[in-house]
Amino acid sequence: MIELFNDREVEQMRPAGRFVAEVLTALRAKAAVGVNLLELDALVAEMIAERGATSCYVDYHPSFGAMPFGKVLCTSVNDAVLHGLPHDYVLADGDLLSVDFACEVDGWVADSATSVVVGTARDEDLRLITVTEKALEAGIAAAVVGNKLGDVGFAIGEVARAAGLGINLQFGGHGVGRTMHGDPHVPNDGRPGRGLTLKPGLVIAIEPWFMHTTDAIFTDPDGWTLRSADGSRGAHSEHTIAITPDGPLVLTARD
Ligand code: MG
């Protein structure tokens, strides 16, 4: 079921969006050579407790997960691209880290992700991150009243194709609101003019993620972390947005 939220409800979602943005800003500042992924998870757990927020991840146990997630943050490093389960790993020079975070504040959920290189960056990794961010921007720009969901996917897919990247359609964006994952599914590719008509009050997470030289993934033995089939690196960029008569409102925008 696709839920549309009224103006008052969209306003009520702003604190959740702001908090998720604050957490990602803190993570981008904290991520560095020598930092353990478990320290990043602990930092977020502390911020959640201080804010009186509720993690969407810790008890999360969907059909594709082997067991409840158990952590409050997704940390995907290098060939890990989505759903990275934080583990005892110290970030090394040149690592490409993607963090994905969703939580509930005052009954409303926001979801956002970002990628960063720690230490000395490879040009190709910076380019991959930029393409992912550009695809997100293009998807958001297409998320206007009267457009179709296919227009959003097409806008994302076009950026990937222009950069020579493949697109994996197994995981994509989703409706957000009282819970982390709702309808509609928001694929990272689509056909212009097709699919659901976008109406004011639709709230979705748009989340392009791409890998250098493949569109295939496999699940790590940890039961959660999704890795590229060929070992190439991945990047991920996500915002939660509300579709409004004045255009897309990025609830998780960072300063
Ligand atoms: Mg997310």
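## Loop residues with positive phi

His 83 lies in the loop between strand 3 and strand 4 (96-105); strands here are DSSP runs of E with at least two residues and helices are runs of H or I with at least four, numbered from the N terminus. Phi of His 83 is near 60°, a positive value in a residue other than glycine. His 83 has a relative accessible area of 17% and is therefore buried, a term that means under 20%, with exposed over 50% and partly exposed in between (1.4 Å probe, protein chains only).

Asn 78 sits in the loop between strand 2 (74-77) and strand 3 (80-82). Asn 78 is not a glycine, yet its phi is positive, at about 60°. Asn 78 is buried because its relative accessible area is 14%.

## Basis of the model

This is a predicted model, in which local features need pLDDT of at least 70, side-chain atom pairs count only at pLDDT 80 or more, and totals for chains, interfaces and linings use all residues. Residues are numbered from 1 along each chain as its sequence is written, and side-chain values use heavy atoms, with hydrogens and water left out.

## A cis peptide bond

The peptide bond from Asp 183 to Pro 184 is cis, with omega near 0°. Pro 184 belongs to strand 7 (residues 182-186).

## Ile 2 before helix 1

Ile 2 is found in the segment before helix 1 (7-30). The relative accessibility of Ile 2 is 36%, so this residue counts as partly exposed.
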